Amino acid sequence: MQLSFPRQYHLRTKSEFKSIFDKSNRISQKHLLILFKQNQKEYSRLGVIVGKRVAKKAIARNRIRRIVKESFRLNQEKLLGWDIIVIARQQCDTLNKPTLRKGIDDLWQKLQNQYRGCLFQ
RNA sequence: AGAGUUGGCCGAGACAGUCGCUGUUUCAAUUUUUUGAAUCAGAGGAAAGUCCGGGCUCCAUAGGGCGAGAUGCCAGGUAAUGCCUGGGAAGCGAAAGCUUACGGAAAGUGCUACAGAAAAUAAACUACCAGAGAGAUUUGGCAAAGGUGAAAAGGUGCGGUAAGAGCGCACCGCGCAGCUGGUAACAGACGCGGCAUAGUAAACCCCAUCUGGAGCAAGACCAAAUAGGAGCUUAUGGUAAACAGCGUCGUUAUAGCUGGGUUACCCAGUGUGGCCCACACUUAAGCUCGGGUAGGUUGCUUGAGGUAUUUGGUGACAAAUAUCCUAGAUAAAUGACUGUCCACGACAGAACCCGGCUUAUUGGCUGACUCUACCU
């Protein structure tokens, strides 16, 4: 399977985000929070939110966003059929790259374990 | 060699491989449009702060005034500037060089703590000198000496005097007039005046010059659903009259029923309003129209552009010729992993585009100049 992450796999419009915010399940960590919802599609879609309160400098926000996207790209075969929003929490920018990466990977694992049943219904 | 001054350039460190993202071009498939393959391109010197100046877009605008803000030695450069270049003045440094919010204090108002007699309309505390008085003291002259302060009504010297004083003279400073040099700011020498306006305008203020407002979420185009708007068509309350049809033909009276919606009358609510009058509006369905939300397209990158050479200019810069095309995302692309090398990687991410300023920063390369020491 190809591990690509083209434009259609992104969550893009305001209404898409809003529908997930309105009714979704959540898993949280100290530094990250994910909201997710089934989407009746053969692929998953991802949106990343890194607010200015989390990291003041644009380059730090970009760094977090890229690490999350890269992790999603490599793990997407485990996560078919979900719309997911990842929200960075405060002091997320203090983490170095490997720990942040590990944190996200753990979240994917949790999501998979918790809702494995739903996928096969 | 050391110490120092001042310009310029480079800067996701470089190379290779694997996976991934955005766009251009070409080819193939596909109804649009999307997909696939190949190819090329893909953050900065500050992209930052948003502090100035322009372009561009929309709105406003006859002309002028008031107000507000900015700028403030002179000349030049520029699309323009509060920027840059050259020059002047003042200050700092041994020098190279650096710094300067550098118009006006005799238009007016205010402020000048503490100290001091006095901080500016009449200057005078201690002194000094003269007169009066036995004396305490008092009247007058004077601004040299004292002390205070950031600053005390020109400075130094000589003359002069009762004591003194620009009172007089010389030099310095200051002011004024013409002259010379300079485009000018300004400088220079000379002459005259006879000392007058203490400082503060990043205090109000005055003078001169400049400034319309908002910004790419500007603006332009396409445009679903829902609600609302405009127009057209159709349907739509009650009573009476007239009309048409049906119907009855018995008591032969024009009774009753139906239809169209022609005419007249009646009925309620809402809005404007304190109330009356008055005026306007009113229900349903369909079609059409324009505005417009979500969403999409555009603006969007060829430009006061870069590079090289020549010419003009002290320089900022300008002109000519040749040549190059170098990000265009939009919940927002430029990343991850592995290996090798070294200087061991700082500050930091385009969002309409340029010119500046300011701030952040690991380092590297390089030009020019000054001083000190030594050698030749």
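Tutor: In helix α3, the buried residues are Leu100, Gly103, Ile104, Leu107, Trp108, Leu111 and Gln112, where buried means under 20% relative accessible area with a 1.4 Å probe, protein chains only. Helices here are DSSP runs of H or I, at least four residues, and strands are runs of E, at least two, numbered from the N terminus. An α-helix has 3.6 residues a turn, so residues three or four places apart point the same way.

This is a predicted model, in which local features need pLDDT of at least 70 and side-chain atom pairs count only at pLDDT 80 or more, while totals for chains, interfaces and linings use all residues. Residues are numbered from 1 along each chain as its sequence is written, chains are lettered from A and ligands numbered from 1 in the order written, and side-chain values use heavy atoms, leaving out hydrogens and water.

Now for the core. The largest nonpolar core has 25 residues, and Trp108 is among those with the most contacts inside it, along with Leu46, Ile64, Ile84 and Val86. Such a core is a set of buried Ala, Val, Leu, Ile, Met, Phe, Trp, Tyr and Cys residues joined through side-chain atoms within 4.5 Å. At least two of its residues come from each of β2 (32-38), β3, α2 (58-75), β4 (82-88) and α3, with α3 giving the largest share, 5 residues. Leu46 touches Trp108, and also Ile84 and Val86, among others; contact means heavy atoms within 4.5 Å. A second, separate core of 7 residues includes Phe17, Leu33, Leu35 and Ile87.

Methods. Buried < 20%, exposed > 50% of the residue type's maximum accessible area, 1.4 Å probe, protein only.
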